[in-house]
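Open the model in your viewer and keep the selection tool at hand. Each stop below gives something to select and then says what is there.

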Amino acid sequence: DADTQQLVADFVDRRGYQKHLAEMREELSRRARIAAHQAAPFAGLGHFSGRYTGGLFWRFTFAPGVDVIRLYQAAKERNVLVSPGWVFRCGAEAGAPEDGWMRVNVSCCEGNTLSRVLELLRVTATR
């Protein structure tokens with residue numbers, strides 16, 4: 001209805017929503033830099049694909065020859081949920097389970113969480 005639309009428009013225009021978006025983009029970019037720093041020692045396992053362009057997720061591509069299904073299963077056995085990237089595709093873009101990448105939520109890359117997960121995956125990959 002018109003009143004609801006006006007309320008939303010007022011919020012966007014007058015209540016600092018654009019400032020909030022700019023601050024969130026800056027914070028997510030900072031956290032993506034943290035993720036890239038944490039992932040650097042694990043280059044043998046894989047790397048982030050391309051430049052971070054914004055948003056919550058960034059694609060981490062595993063190195064050729066890494067058995068990604070084994071990685072996902074081993075992580076699950078240790079109560080670590082690693083989401084294989086292929087489950088996020090649909091239709092013609094759908095990949096096979098062997099498609100070696102995962103989505104990393106960069107907003108959760110404070111501390112050493114990503115480093116600990118990548119270390120667990122690296123140990124599993126080298127067994």
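**Stop 1: the whole chain**

Keep in mind that this is a predicted model. Show the protein chain as a cartoon and colour it by secondary structure. Trace the chain from the N terminus: the elements run α-α-β-β-α-β-α.

Now switch to a surface view. The accessible surface of the protein chain comes to about 8400 Å². Carbon and sulfur atoms account for 55% of that surface. Of the 127 residues in the chain, 28% are buried.

**Stop 2: the largest nonpolar core**

In soluble globular proteins, nonpolar side chains tend to be buried together. Select Leu 45, Phe 48, Phe 60, Phe 62, Met 102, Leu 118 and Leu 121, and show their side chains. The largest nonpolar core has 27 residues, and these seven touch the most other members.

Which elements give two or more residues to this core? They are helix H2 (17–39), strand S2 (57–62), helix H3 (68–77), strand S3 (101–105) and helix H4 (113–125). Colour each one separately. H4 supplies the largest share, five residues.

**Stop 3: Leu 45**

Leave out residues up to four places away in sequence, then list what Leu 45 touches. Thr 61, Phe 62, Ala 63 and Val 66 are among its partners.

**Stop 4: H2 against H4**

Hide everything but H2 and H4. Their axes lie 9 Å apart, and the helices pack at an angle of about 35°. The crossing of H2 past H4 is right-handed.

Show side chains at the contact. H2 brings Ala 35, Gln 38 and Ala 39. H4 brings Thr 113, Leu 114, Ser 115 and Leu 118. By class, the contact has four nonpolar residues, three polar and no charged ones.

**Stop 5: Thr 124**

Stay on H4 and select Thr 124, which is found in this helix. Is Thr 124 buried or exposed? Thr 124 counts as buried, because its relative accessibility is 4% and the cut-off for buried is under 20%.

Bring back the rest of the chain to see what surrounds Thr 124. Beyond its neighbours within four places in sequence, Thr 124 is in contact with Arg 70, Leu 71, Ala 74 and Arg 78.

Key: Residues are numbered from 1 along each chain as its sequence is written. This is a predicted model: local features need pLDDT of at least 70, side-chain atom pairs count only at pLDDT 80 or more; totals for chains, interfaces and linings use all residues. Side-chain values use heavy atoms; hydrogens and water are left out. A nonpolar core is a set of buried Ala, Val, Leu, Ile, Met, Phe, Trp, Tyr and Cys residues joined through side-chain atoms within 4.5 Å. Buried means under 20% relative accessible area, exposed over 50%, partly exposed in between (1.4 Å probe, protein chains only). Helices (H or I, at least four residues) and strands (E, at least two) are DSSP runs, numbered from the N terminus. Contact means heavy atoms within 4.5 Å. Accessible areas come from the Shrake-Rupley method with a 1.4 Å probe; for residues, only the protein chains shown count as cover. Axes are lines fitted to C-alpha atoms, for helices over the stretch in contact, and angles run from 0 to 180 degrees between N-to-C directions. A crossing is left-handed if the near helix is turned anticlockwise from the far one by less than a right angle, and right-handed if clockwise. Ala, Val, Leu, Ile, Met, Phe, Trp, Tyr, Cys and Pro count as nonpolar, Asp, Glu, Lys and Arg as charged, and the others, Gly among them, as polar.
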